[in-house]
Amino acid sequence: MSREKLRRAALPPVQENIDKLEKAINEGNFYGAQQMYKSISARYVSAERYSEALDLLESGSCLQLKHGQVTCGAELAVLFVDTLVKGKIPYNEDILDRVRKIYEVFPKVPLPSNMSDDEDVREFTEALGAAKTRLEGCSSFLRAAIKWSAEFGASRNGDPQLHAMLAEYIYSESTELVGFENMAKVSYHFVRGNNPKKFASTLVNFMSKCYPDEDDIAIARAVLMYLSMGNLRDANCLMNELKRQVESQELDFPESDLVQFITFLLLTLERDALPLFNMLRVNYKSSIDREPAFNELLDEIAEKFYGVQRRNPLQGMFGDLFKMM
């Protein structure tokens, strides 16, 4: 028997290890079990028994997460995706369901509010640290899964459902603290997802918590991100759903010049009207300039909808430098 066959034969059926390590977890030996999950799964991978390695890592990540061991569970979840890559496992609905199963076990814990004394502040600080740990762990797992899905059979940007999961988790774990940076990350993944109605609900919730001059920028960013990907349908769906939800909740919809620009832009992109598109950019320049990224997004939109060549990246300051040289 060859050395490779001997190595394969030396490993027991994976269910034996799953049962043994589940017992260790239930007895509270989280660290010891973690080391065993990592070493045993590595042996299965080395023997090219990828299916069994995946079974072990899925079981371990879910068990650790259910017991509140977020760092351990996230580490095993990332190893699950690493094994998909090493085994060159193609993207399919079955694997996607397994990724979703792990994702759904990641804890979602609201941050405490109504701080009135030092004890409350201490509790909030601890809760904030725990939320960051959860967010970093889940984000690492889902980002790896998105990359795997893009490489092994999903769309170029990765599976839309995975993007939606990541957007929802980022927002859920920082609801009370979502600022511009986090909301930009949320938007980035929602526009690569497949649920503009859920995105609208998230934006409405954000609008109820943000500063008065941030709500229209959040709306504009979301619409422009959709449009920069050539997705006029979901951009319109988002705006319609936003207005519907705001009205149903008896809230005020922003009525700034920036929102007016977005409204006119959506109408303009329905037809071949590049001169009108350019006129809108000129007339609403001061509103567009409130967010530095908007002009770049509009350049991408012009390229997607009207075939306008984007500005040469060597132009401007660096282009001038090269000319001088």
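**Pocket lining and helix packing**

Q: Which residues line the second largest pocket?
A: In this predicted model, a pocket is an open set of points on a 1 Å grid over the protein atoms alone, where a 1.4 Å probe fits, with protein on both sides within 12 Å along at least five of seven lines; lining residues have an atom within 4 Å of a point. The second largest pocket is lined by Arg156, Asn157, Tyr188, Val191, Arg192, Met225, Ser228, Met229, Leu297, Glu300 and Lys304.

Q: Which element gives the most to the lining of the second largest pocket?
A: Residues are numbered from 1 along each chain as its sequence is written, and side-chain values use heavy atoms, without hydrogens and water. Local features need pLDDT of at least 70 and side-chain atom pairs 80 or more, while totals for chains, interfaces and linings use all residues. Two elements give two or more residues to the lining of this pocket, α11 (215-228) and α16 (293-306). With three residues, the most comes from α16.

Q: How much space lies in the second largest pocket?
A: The lining of this pocket has five nonpolar, two polar and four charged residues. The space in the second largest pocket is about 220 Å³.

Q: Which residues of α6 meet α4?
A: The axes of α4 (residues 50-66) and α6 come within 8 Å and cross at roughly 20°, so these helices are roughly parallel (under 35 degrees). From α4, the contact (heavy atoms within 4.5 Å) takes Leu54, Asp55, Glu58, Ser61, Cys62, Leu65 and Lys66. By class, five residues in this contact are nonpolar, one is polar and five are charged. On the α6 side are Arg98, Lys101, Ile102 and Val105.

Q: At what angle do α5 and α6 pack?
A: In the contact of α5 (residues 70-86) with α6 (residues 93-105), Ala77, Phe80 and Leu84 meet Ile95, Arg98, Val99 and Ile102. Six of the residues are nonpolar, none is polar and one is charged. The two helices are roughly antiparallel (over 145 degrees), with axes 11 Å apart and an angle of about 165°.

Q: How far apart are the axes of α14 and α16?
A: Helix α14 (residues 274-283) packs on α16 at an angle of about 175°, and the pair is therefore roughly antiparallel. Leu274, Phe277 and Arg281 of α14 make the contact with α16 residues including Asn295, Leu298 and Tyr306. The distance between the axes of α14 and α16 is 11 Å.

Technical notes:
Axes fitted to C-alpha atoms, helices over the stretch in contact; angles between N-to-C directions. Helix = DSSP H or I, 4+ residues; strand = E, 2+ residues; numbered from the N terminus. Parallel < 35°, antiparallel > 145°, perpendicular 65-115°, else oblique. Nonpolar A, V, L, I, M, F, W, Y, C, P; charged D, E, K, R; others polar. Points joined across faces, edges and corners; volume = space filled by probe spheres on them.
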